[in-house]
Amino acid sequence: MQALVLKEPGCLSLERVEVPDPGPGELLVEVRAAPTCGTDLKAFLRGHPQIPMPGVFGHEYSGVVVAAGPGAPFASGQEVMGVHSAPCQTCFWCENDQENLCQKIMATKVLGSYAQYLKIPAHIARLNLFPKPAEVGFERAALLEPLACVAHGIEMMGVGSNDRVLIIGPGAVGLMFASILRSLGVPAVTVAGRNSQRLAIAEDLGVQAVYLYGLEPKSAEFDIVIECTGREEIWAKSLDYVRRGGKVVLFGGCPAGSTVSFDTRRVHYDQITLMSPFHFGTRAVRQAREWVLDPAVRLDHVLSGDRALEDAESVFRDLQEGIGIKYIFRP
Ligand SMILES: [Zn+2]
Ligand SMILES: [Zn+2]
């Protein structure tokens, strides 16, 4: 089969690799939709500690089971949606309700959804793979993983129905936060950024959209500020917009070795809660599944159309330029 391989930052190639053979509890899934993701863009641009190079690439997917190992929980022909990791459920963190920090969650994840077939390990098939109903499209179902990240973030921040929320960074995750907060009935959601196309999409969701540099520090009025850019200067600037006693959710991961300075007066005397949700556990995946299945939750706005695997480099160059939000490969 053909698989997209990330050779080194900025270099992708389509290579022939063996079709994997599913062992006990494992499944072979024919990939029907594999969306691009901000994590993939980071890996393409500068490498990523969780994505080995050279290595098969892509981690979001939905598809059809074409082969099942002995004892696997799905059968050939079933349409499925899943995520690329699952916790061990036995380590210290799993037993302390922090499955997202499971010591094995990254060691046992699956990569390689930008290929015709993807082998799903047994623990992921058992915990974090679900049947896809026929009425849900493959591209919507393939958003399960980024939505699980959003679900974990929303659970951790504990948003109230009257909270005024500022989302900085109208990329895929920022726009998914906006959509989910709208569907949860949070009335005052503002999205700030610098890409006017993406801000227009935010407006279309019924949230207020503002140009980032139109936000002055006097706008320290938000109950919750969600940082979705992964840039050090925006992490630091996020504190300018939160009210006394409010929360800053630092969602976008910065490059390894980054450091950020905060005004300690604001953090202490204004009692600002800083949090930085990472990844997700099984509860967040189940919540994300409910959102995927609920037609009232708008997700179409983050999908920017299909692209060919052969054009992968130009796809990631487009994303780097801020053109499009999430493209779909259908290998
Ligand atoms: Zn992702
Ligand atoms: Zn664990």
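## Pairing within the sheet

In this predicted model, strand β9, covering residues 164-168, runs parallel to strand β12, residues 222-227, and the two are joined by four bridges; strands are DSSP runs of E with at least two residues, helices are runs of H or I with at least four residues, and both are numbered from the N terminus, while two strands pair if DSSP finds at least two bridges between them. Within this pairing, Val-165 has Ile-224 of β12 as its bridge partner.

The two strands belong to an open sheet of six strands with parallel pairing, in the order β11-β10-β9-β12-β13-β14. Because β11 (208-211) and β14 (273-275) stand at the edges with a single partner strand each, one side of each has no neighbour in the sheet. From one strand to the next the twist averages 20°, with axes fitted as lines to C-alpha atoms (for helices over the stretch in contact) and angles taken between N-to-C directions from 0 to 180 degrees. Helix α7, residues 196-204, packs on the sheet and touches β10 (188-193) and β11, its direction making about 160° with that of β11; contact here means heavy atoms within 4.5 Å.

## Helix α5

The 14 residues of helix α5 (residues 144-157) should span 20 Å at 1.5 Å a residue, and the end C-alpha atoms are 20 Å apart, which agrees; the expected span is 1.5 Å times one less than the number of residues. Of these 14 residues, 12 are buried, so α5 is largely enclosed by the rest of the structure, where buried means under 20% relative accessible area, exposed over 50% and partly exposed in between (1.4 Å probe, protein chains only). Among the buried residues are Leu-147, Val-150 and Ile-154. Gly-158 follows α5 and has a positive phi, near 60°.

## Cysteines

The structure holds zero disulfides, a disulfide being a pair of cysteine sulfur atoms within 2.5 Å. Cys-149 is buried at 15% relative accessible area, and its sulfur lies 7.2 Å from the closest cysteine sulfur, that of Cys-37, which is too far for a bond. Cys-102 also counts as buried, at 4% relative accessibility.

## Aromatic rings

There are seven aromatic pairs, counted when the ring centres of Phe, Tyr or Trp (its six-membered ring) lie within 6.5 Å, with planes under 30 degrees apart called stacked, over 60 edge-to-face and the rest tilted. Phe-92 and Trp-93 have ring centres 5.2 Å apart and planes at 85°, so this pair is edge-to-face; Phe-92 is exposed at 54% relative accessibility, whereas Trp-93 is partly exposed at 30%. Ring pairs also link Phe-44, Phe-57, Tyr-114, Phe-316 and Phe-329 into a cluster.

## Conventions

Residues are numbered from 1 along each chain as its sequence is written, and chains are lettered from A and ligands numbered from 1 in the order in which they are written. Local features need pLDDT of at least 70 and side-chain atom pairs count only at pLDDT 80 or more, whereas totals for chains, interfaces and linings use all residues; side-chain values use heavy atoms, leaving out hydrogens and water.
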